[in-house]
Amino acid sequence: MSIMPSRAVVSTSAITNNTRLLHDLLRENTALMAVVKADAYGHGLVRAAKAALAGGATWLGVAHIESALRLREAGIDAPVLAWLWTPDAIDEALPRAIAAGIDLSLGSHEMLAAVQRVARQLGKRARVHVKLDTGMGRNGVPADGVARLARMLAAASREVEVVGAWSHLATADEPDGEAVVNAQARAFNTACEQLSAHVGPLQLRHLANSAATLTRPDLHFEMVRCGLAIYGYAPLPCDLPLVPALTLESSLALVKQVPAGQGVSYGHRYVCPSDSLLGIVPLGYADGLHRAASGKMSVIVHARSGSVMVPQRGRICMDQIVVDLSTVPDAAAGDRVTVFGPGELTAKHLAAAAGTIDYEILTSLSTRVPRVESEA
Ligand SMILES: Cc1ncc(COP(=O)(O)O)c(C=O)c1O
């Protein structure tokens, strides 16, 4: 048990159940990759990976090779795709990844040359997924480079096995994003055909993120890659009963009465309009409460008389916030506080207060907030 005053309680059963709900949307021959990058969106890499695998995911996806290796070190032998690496990886990360049987994303002839060189040195065939830039304008080979890369991959077949091809959607969660999604899907199909003409049939084509998994069954192909929804948040309105898996909780460090006119926190951006009961919650921007949410967020205080949502006042500090307990006269130091979790106050609410997205709220919870696993 940590001696820190706050904690993030992670429900592994929520992750398993959310994964199962997503898996149930898929055709029998479509696999589910659980995206566990960024420490599984703040939930804890290994515990989230295990929970998602228990819910029907058969693949894991991470940004960095380091995370993929940590999954292997934890004894997880499910296929893992790592998709973001630089030329520096050639000395250590790539050899370790290929030796550990980690699938690598590859989106340029320079990346192919690096993988080929390491595979040759190791005497082991590297497994790659060709990253296609179908319109995201980010990683991957652009449409006019696919044919050349495909020819090079065909020539490298002794060292490199093309397991699949993939791309990422830019607008699947935007209300008016359909035209771009459709254009990306067309570009994806064309590029996959070009590739398979040179390297043979592709075992795995994957394009859909959570949003497209929920809304575009025509784009599921042989695999979908879900992140956010596995953790219980839908990137767009949907009927699936997803349950947020992480609850950020703390307790009141101090409760005190202040007179009308009392300025609160740095800059006195809030001045109590009347005599007020204030409480201190030991969580601040160093824990991941975005300072931009100052004066706009709420928390739930679990007092003896019941659970009440109360407003945060003044600026969010590095380590603490001040909340207004005037509507909870029996609030006392030690009362439990929920900042977000399943129910009426989720990471989406904090994101709205901070002017950001739930993804950023979850992934910016700092490491000093201990993660506590709950099976409930
Ligand atoms: C390449 C890639 N695929 C899939 C995902 C999962 O997206 P989501 O969390 O919206 O399901 C991400 C996350 O940003 C990603 O970067």
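One salt bridge crosses the interface of domain 1 and domain 2. In this predicted model, the partners are glutamate 373 and arginine 47, with their closest N and O atoms 2.9 Å apart. That distance meets the salt-bridge rule, because the rule asks for a side-chain nitrogen of Lys or Arg within 4 Å of a carboxyl oxygen of Asp or Glu. Polar contacts also span the interface: three residue pairs qualify, both residues at pLDDT 80 or more.

**The two domains**

Domain 1 covers 12-231 and domain 2 covers 246-374. Their C-alpha centres are 38 Å apart. Eight residues on the domain 1 side contact eight on the domain 2 side. Together the domains bury about 910 Å², and carbon and sulfur atoms account for 58% of that area. On the domain 1 side, Tyr41, Arg47 and Leu228 lose the most area to domain 2. These three residues make up 50% of what that side buries.

Two helices stand out in the contact between domains. Helix H1 (12-23) and helix H2 (37-41) each provide at least two residues of the domain 1 side. By residue class, that side holds three nonpolar, four polar and one charged.

**The ligand**

How many residues surround the ligand? There are 14, and the closest are Lys37, Tyr41, Ser210, Leu228 and Tyr359. Tyr41 and Leu228 also belong to the trio that loses the most area to domain 2.

| Residue | Protein atom | Distance to a ligand oxygen |
|---|---|---|
| Lysine 37 | side-chain N or O | 2.8 Å |
| Leucine 228 | backbone N or O | 2.8 Å |
| Tyrosine 359 | polar side-chain atom | 2.6 Å |

Lysine 37 and tyrosine 359 use side-chain atoms here. Leucine 228 uses a backbone atom instead. Each of these pairs counts as a polar contact, because the cut-off for N or O atoms is 3.5 Å.

Notes:
Residues are numbered from 1 along each chain as its sequence is written. This is a predicted model: local features need pLDDT of at least 70, side-chain atom pairs count only at pLDDT 80 or more; totals for chains, interfaces and linings use all residues. Side-chain values use heavy atoms; hydrogens and water are left out. Domain bounds come from an automatic or database domain assignment. Contact means heavy atoms within 4.5 Å. Buried area is the accessible area (1.4 Å probe) that two parts lose on being put together, summed over both. A polar contact is a pair of N or O atoms within 3.5 Å; within protein, one must be able to donate a hydrogen and the other to accept it, and residues adjacent in sequence count only if both atoms are side-chain atoms. Helices (H or I, at least four residues) and strands (E, at least two) are DSSP runs, numbered from the N terminus. Ala, Val, Leu, Ile, Met, Phe, Trp, Tyr, Cys and Pro count as nonpolar, Asp, Glu, Lys and Arg as charged, and the others, Gly among them, as polar. A residue is near a molecule or strand if one of its heavy atoms lies within 4 Å of it.
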